[in-house]
Amino acid sequence: MQLTNRNKQVERKPMTFAEKMYLPSIFKGMGITFSHMFKKKPTINYPEQQRPFSAVFRGLHILNRDEEGRERCTACGLCALACPAEAITMEAAERQVGEEHLYREEKYAAKYEINMLRCIFCGLCEEACPKDAIYLSQTFAQANYDRKGFIYKKEDLLIPNPVTDPEGFAKAKGTIPQSK
Ligand code: SF4
Ligand code: SF4
């Protein structure tokens with residue numbers, strides 16, 4: 001039984017000889033494929049190739065050193081205070097005699113952690129820091145399999161030492177392009 005009278009009988013035309021050979025459709029499809037070979041590719045071979053980020057991109061945090069390789073952070077806590085996500089924790093320690101080549105000021109961060117699951121990459125920690133000790137780089141926080149892996153410790157955040165590893169330092173600073 002018909003529910004409406006809008007149904008329409010469609011006549012199936014008999015196929016021509018060329019259509020039976022499927023040749024026009026095959027050549028049409030190949031034409032479309034070949035035309036794409038000469039077009040600019042919209043995709044890139046990530047991660048070998050990477051797209052340049054915007055100059056204002058805010059990525060993974062870096063704890064900075066001075067030109068002599070000494071840690072700049074004095075564990076003043078201003079970054080943690082400015083952080084709206086309460087993602088930063090630290091413990092301060094006093095610099096001992098003989099540690100002047102390691103830490104720039106009398107106080108330093110013995111422990112410094114950022115919880116990347118809380119961080120919203122707002123950059124307020126960078127703005128709050130009076131010592132140019134923390135900044136947001138142009139790399140991502142890496143993927144991880146468990147939540148603990150997203151708590152970045154001081155060792156993960158510290159920039160390579162410019163005295164012992166100038167290339168790593170320059171790469172982290174973004175003054176030479178990343179190779180991967
Ligand atoms: S970028 Fe923003 S949310 Fe992330 S640690 Fe810094 S202040 Fe906190
Ligand atoms: S990173 Fe800067 S603001 Fe944060 S504790 Fe260190 S010196 Fe202070």
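A residue counts as near a ligand if its C-beta atom, placed from the backbone, lies within 6 Å of that ligand. The exercises below apply to a predicted model.

**Exercise 1.** Find how many residues surround ligand 2, and which are the closest.

*Solution.* With that cut-off, 14 residues surround ligand 2, and the closest of them are Cys73, Cys76, Leu78, Cys79 and Cys129. Sorting this shell by class then gives 11 nonpolar, two polar and one charged residues.

**Exercise 2.** Work out which residues come nearest to ligand 1, and how its shell divides by class.

*Solution.* Of the 14 residues around ligand 1, those that come nearest are Cys83, Cys119, Cys122, Leu124 and Cys125. The shell of ligand 1 divides into 13 nonpolar residues and one polar residue, with no charged residue.

**Exercise 3.** Decide whether Ala82 is buried, partly exposed or exposed, and locate its partners.

*Solution.* Begin with the element: Ala82 lies in helix α3, which covers residues 78-82. Next, because 16 other C-beta atoms lie within 10 Å of its own, Ala82 is partly exposed. Finally, leaving out residues up to four places away in sequence, Ala82 touches Leu124, Cys125 and Ala128; Ala128 is 46 residues away from Ala82 in sequence, yet their C-alpha atoms are 6.4 Å apart.

**Exercise 4.** Identify which element gives the most residues to the largest nonpolar core.

*Solution.* The largest nonpolar core has 23 residues, and among those with the most contacts inside it are Leu63, Ile88 and Ile114. Two or more residues each come from β1 (61-63), β3 (107-115) and α6 (166-173), and β3 gives the most, with four. Beyond its neighbours within four places in sequence, Ile88 is in contact with Cys79, Ala80, Cys83, Ile114 and Cys125.

Terms used. Residues are numbered from 1 along each chain as its sequence is written. Chains are lettered from A and ligands numbered from 1 in the order in which they are written. This is a predicted model: local features need pLDDT of at least 70, side-chain atom pairs count only at pLDDT 80 or more; totals for chains, interfaces and linings use all residues. A nonpolar core is a set of buried Ala, Val, Leu, Ile, Met, Phe, Trp, Tyr and Cys residues joined through C-beta atoms within 7 Å. A residue is buried if 20 or more other C-beta atoms lie within 10 Å of its own, exposed if 12 or fewer, and partly exposed in between; C-beta atoms are placed from the backbone. Two residues are in contact if their C-beta atoms, placed from the backbone, lie within 7 Å. Ala, Val, Leu, Ile, Met, Phe, Trp, Tyr, Cys and Pro count as nonpolar, Asp, Glu, Lys and Arg as charged, and the others, Gly among them, as polar.
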